[in-house]
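Good morning, colleagues. Please look at the sequence and the model on the screen while I go through a few of their features.

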Amino acid sequence: MPSSKKANAVPWNDSTLALLLHGYAWLPNRMRRSLDGTVRTRLMGRPAIALRGPDAVAFFYDEKHVVRTAALPDPVLDTLFGQGAVHTLDGDAHRVRKAMFIALLKDGAGVTTLGECVTRRWHEAMADRQQDRVVLFDEAAKILALAVRDWAGVPLSDAAAADLAHDCTSMVDGFATPGPRHLRARRARRRQEDALAGLITDVRTTPEADSKGSALEAVAWHRDLDGTFLNPRTAAVELLNIIRPTVAIAWFATFAAHALNRWPQHRDLLRADTGGSYAEAFAHEVRRFYPFAPFVAGLAAQDLTWHGEHVPKDALVLLDLYGQNHDPALWEDPYRFDPRRFASPEGPQDPLDILVPQGGGDPARGHRCPGEDITVTALAVIATELARLDYEVPDQDLGIPLSRMPTLPRSGFELRLR
């Protein structure tokens with residue numbers, strides 16, 4: 001009889017269809033059945049190995065082990081990230097491009113300013129509402145698009161910003177699925193890349209004094225590792241990689257409303273939070289508890305060994321984000337929604353070290369999302385504003401299907417404002 005180690009290592013059957021059918025649950029379910037905490041399979045015909053845990057995060061974000069170049073398939077690049085995006089680079093090329101994003105958030109001032117833009121646009125939207133019933137997901141996407149437009153210095157009308165919000169949510173909604181959603185995502189990306197590439201060309205042709213220091217200006221005049229400017233299309237891709245993730249906070253904002261509806265005791269705690277520490281902890285717990293990205297992927301840079309298991313060069317390496325954020329070995333009672341786990345960290349390990357909904361490692365030198373602080377700040381603002389808002393939740397379908405990626409409450413979370 002073969003050993004358990006060998007038996008568990010044999011199946012490399014393709015799991016692409018299973019992933020599409022089961023969504024977020026696919027990899028955690030496979031992990032639970034694994035004898036050694038590692039899953040071996042195939043995705044899109046390529047050998048793949050999935051990892052989880054703090055040591056897996058360190059392994060995955062070490063560029064001697066895992067690289068991003070050629071790791072992302074064209075359907076993902078043509079919808080979510082864009083061809084030539086920073087996500088596809090490694091080494092010095094990645095660090096030079098990434099430095100452009102890091103500089104925009106230097107010393108936290110950029111994050112604070114964006115948070116103020118979100119607050120202002122939220123208050124305006126609530127004061128100017130034309131109807132009492134609001135679908136929060138749609139409203140939050142528009143608010144975030146207006147806020148990041150203001151912050152990034154992108155000269156768009158309010159109507160164009162609303163179109164941008166719709167296109168950005170389409171890009172995120174359609175990247176992980178075939179069919180009409182994917183086609184809408186492709187069309188949305190092409191439309192916005194064309195528009196923003198034109199803006200980049202305009203900035204370079206006739207620089208505006210009031211755009212100095214803006215994200216638009218930073219992208220337009222960025223020089224890559226070879227000392228050249230980004231071509232207008234790639235610059236548009238990177239400008240969208242500032243705008244799109246900010247608009248995508250609408251997913252977390254909707255989950256925040258879901259949490260406040262399910263556990264209303266947090267409303268009073270957020271209202272009483274004058275310093276913002278509980279709002280920040282609440283934002284972290286929303287990001288941990290609710291599903292967003294199921295995993296991240298790269299390619300094995302060379303023949304590797306992981307916990308005694310051979311990983312061939314160019315195999316897909318997956319880091320199980322959703323599973324890690326619900327791993328009982330890492331989180332006490334992981335399916336309990338409890339912001340206090342971030343408000344007063346206890347024990348030898350800070351919980352933020354193992355929280356990986358937007359990747360892990362060092363944002364400046366590695367592949368962790370540099371806009372994570374923006375997500376936390378904007379989400380904390382919206383959660384606090386929701387706690388202060390006078391509304392009721394009419395009957396609707398608030399189920400969150402884990403088979404759909406990305407997922408949401410089916411209704412988009414409708415509010416009836418009072």
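This is a predicted model: local features need pLDDT of at least 70, side-chain atom pairs count only at pLDDT 80 or more; totals for chains, interfaces and linings use all residues.

In helix H10, the buried residues are Arg181, His182, Ala185, Ala188, Arg189, Gln192, Glu193, Leu196, Ala197, Leu199, Ile200 and Val203. H10 itself runs over residues 180–205, 26 residues in total.

Is Arg68 buried or exposed? Arg68 counts as buried, because its relative accessibility is 6%, where the cut-off for buried is under 20%. The C-alpha atoms of Arg68 and Leu89 are 6.1 Å apart, although 21 residues separate the two in sequence.

I turn to the cysteines. How many disulfides does a search of the whole structure find? The search finds zero. For Cys117, the nearest cysteine sulfur belongs to Cys168 and is 16 Å away, whereas a disulfide requires the two sulfur atoms to lie within 2.5 Å. Both residues are buried: Cys117 has a relative accessible area of 6%, and Cys168 has a relative accessibility of 1%.

The structure holds one cavity of 30 Å³ or more, and the volume of the largest cavity is about 50 Å³. Its lining consists of Arg287, Arg288, Tyr290, Pro291, Phe292, Ala293, Leu321, Tyr322, Asn325, His326 and Pro357. Helix H15 (277–289) and helix H16 (321–324) are the elements that each give two or more residues to that lining. By class, the lining comprises seven nonpolar, two polar and two charged residues.

Finally, the backbone. Two residues other than glycine have a positive phi of about 50°: Met44 and Asp333. Met44 sits in the loop between strand E1 (39–43) and strand E2 (46–51), and is exposed, at 59% relative accessible area. Asp333 belongs to the loop between H16 and helix H17 (340–343), and is partly exposed, at 41%.

Which peptide bond is cis, with omega near -10°? That is the bond from Met405 to Pro406. Pro406 is found in the loop that joins strand E9 (391–392) and strand E10 (414–417).

Thank you for your attention.

Definitions and conventions:
Residues are numbered from 1 along each chain as its sequence is written. Side-chain values use heavy atoms; hydrogens and water are left out. On a 1 Å grid over the protein atoms alone, a cavity is a set of points where a 1.4 Å probe fits but cannot get out, and a pocket is an open set with protein on both sides within 12 Å along at least five of seven lines; lining residues have an atom within 4 Å of a point. Grid points are joined across faces, edges and corners, and a volume is the space filled by probe spheres set on the points. Helices (H or I, at least four residues) and strands (E, at least two) are DSSP runs, numbered from the N terminus. Ala, Val, Leu, Ile, Met, Phe, Trp, Tyr, Cys and Pro count as nonpolar, Asp, Glu, Lys and Arg as charged, and the others, Gly among them, as polar. Buried means under 20% relative accessible area, exposed over 50%, partly exposed in between (1.4 Å probe, protein chains only). The expected span of a helix is 1.5 Å times one less than its number of residues.
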